Amino acid sequence: MQKAKILLVDDRPENLLALEAILSALDQTLVRAASGEEALKALLTDDFAVILLDVQMPGMDGFETAAHIKRRERTRDIPIIFLTAINHGPHHTFRGYAAGAVDYISKPFDPWVLRAKVSVFVDLYVKNCQLKEQAALLRLQLEAGGEQQALGGALLGELSARLAAVEEQAEALGKQLDGAEDAAVAATAAHLERKLAGLRRALDAMRPGSA
C-alpha cells in the first residue's frame, strides 16, 4: 500500500530538518511547507494522515492556517498537532484546541513522544484507507450477485475485523494522550468517534437486509 503523507509546516528550515530526522523512522512520506499558504496549497492536491503545524509563523500563523483547514470539506478531519516554542498559559493552549488541534506540544519536546503520537495517527489513516478499499471491493462483489454472495460474506467479516483493529488503535491513542489536557482528549475522542461511526454505518449498510 502507498505510504501515508505527513505534512510538516514551519517557517524555519532547521525546524523542518529536525522534524524530518525525528519522523524518518516511521518510513512515511514527509512533505514540507514553509508557510501556512504553502500548507493550504499542498492540501489541495494531496491527502495527509496528520499535520504538524508550527504556531508562530510570519503572515498566516498556525491558528489561522488551522481555521482554513477545518473550513474545507476535504481537509477538516485531518488531525492537526500544534507545535510551539512559547507557552502563554492555559488560554493560549485552549486556543489551539479550539482551532481544531488534537494535540498541542511545546518545544523542546521529547522526540520519542512526538514520533509515537504521529505513528498512531498514521496507523489509523492506513487502516481507514484499507477499509475503504475493502468496502469498494465488497460493493462490487455484492453487485455481481449469485455465486459471489459467499465471497461477499467473507469480505464483510474481514471488514469487521479491520474495523475492530481501528477501534484498538483508537484505544491506544487514548492511552498516548492520557497525560494531555482535557481539551486535547476531548478533541481527539470527537475526531475518532466521527471516523469510527461513519465506518460502522457504512459497514452496516452493506449487510444483507439493510435498507
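## The sheet and its strands

In this predicted model, five strands form an open sheet with parallel pairing, in the order β2-β1-β3-β4-β5. The two edges of the sheet are taken by β2 (29–33) and β5, and because each of these has a single partner strand, one side of each is left without a neighbour in the sheet. From one strand to the next, the twist averages 20°.

Let us follow the pairings. β1 and β3 run in the parallel sense, paired over four bridges, and here Val 9 has Leu 53 of β3 as its bridge partner. Four bridges also pair β3 with β4, again in the parallel sense, with Ile 51 standing opposite Ile 80 of β4. β4 is joined in turn to β5 by four bridges, and these two strands run parallel as well. In this part of the sheet, Ile 81 stands opposite Asp 103 in β5.

## Helices on the sheet

## A buried strand

How many of the five residues of β3 are buried? Five of the five are, so β3 is largely enclosed by the rest of the structure. In a regular strand, side chains alternate between the two faces of the sheet. In β3, Val 50, Leu 52 and Asp 54 point one way, while Ile 51 and Leu 53 point the other way, and all of them are buried.

## A cluster of rings

Which residues do ring pairs link into a cluster? They are Phe 63, Phe 82 and Tyr 104. The count of aromatic pairs comes to two. In one of them, the ring centres of Phe 63 and Phe 82 are 5.4 Å apart and the planes lie at 75°, so this pair is edge-to-face. Phe 63 belongs to helix α3 (residues 62–71) and Phe 82 to strand β4 (residues 80–84), so the pair ties together parts that are 19 residues apart in sequence. Phe 63 is buried, with a relative accessible area of 6%, and Phe 82 also counts as buried, at 0% relative accessibility.

Phe 82 takes part in another pair, with Tyr 104: the ring centres are 6.0 Å apart and the planes are at 70°, so this pair is edge-to-face too. The pair links distant parts of the chain, with Phe 82 in strand β4 and Tyr 104 in strand β5 (residues 103–106), 22 residues apart. Tyr 104 is buried as well, its relative accessible area being 9%.

## The largest pocket

Now for some open space. The largest pocket holds about 360 Å³, and 20 residues line it. Nearest its centre lie Phe 48, Ile 78, Tyr 125, Lys 132 and Lys 195.

Which helix gives the most to this lining? It is α5, with six residues. Both α5 (111–144) and α7 (182–205) supply at least two residues each to the lining of the largest pocket.

## Two backbone details

Most residues other than glycine have a negative phi, and most peptide bonds are trans. Two places in the loops are interesting to look at with that in mind. In the loop between β5 and α5 you will find Pro 108. A cis peptide bond joins Lys 107 to Pro 108, with omega at about -5°.

Asp 27 sits in the loop between α1 (13–23) and β2. The phi of Asp 27 is near 60°, a positive value in a residue other than glycine.

Conventions: Residues numbered from 1 in each chain as written. Predicted model: local features only at pLDDT ≥ 70, side-chain atom pairs only at ≥ 80, totals over all residues. Heavy atoms only, no water. Phe/Tyr/Trp six-rings, centres within 6.5 Å; stacked < 30°, edge-to-face > 60°. Buried < 20%, exposed > 50% of the residue type's maximum accessible area, 1.4 Å probe, protein only. Pairing = 2+ DSSP bridges. Axes fitted to C-alpha atoms, helices over the stretch in contact; angles between N-to-C directions. 1 Å grid on protein atoms, 1.4 Å probe; cavity = no way out; pocket = protein on both sides within 12 Å on 5 of 7 lines; lining within 4 Å. Points joined across faces, edges and corners; volume = space filled by probe spheres on them.
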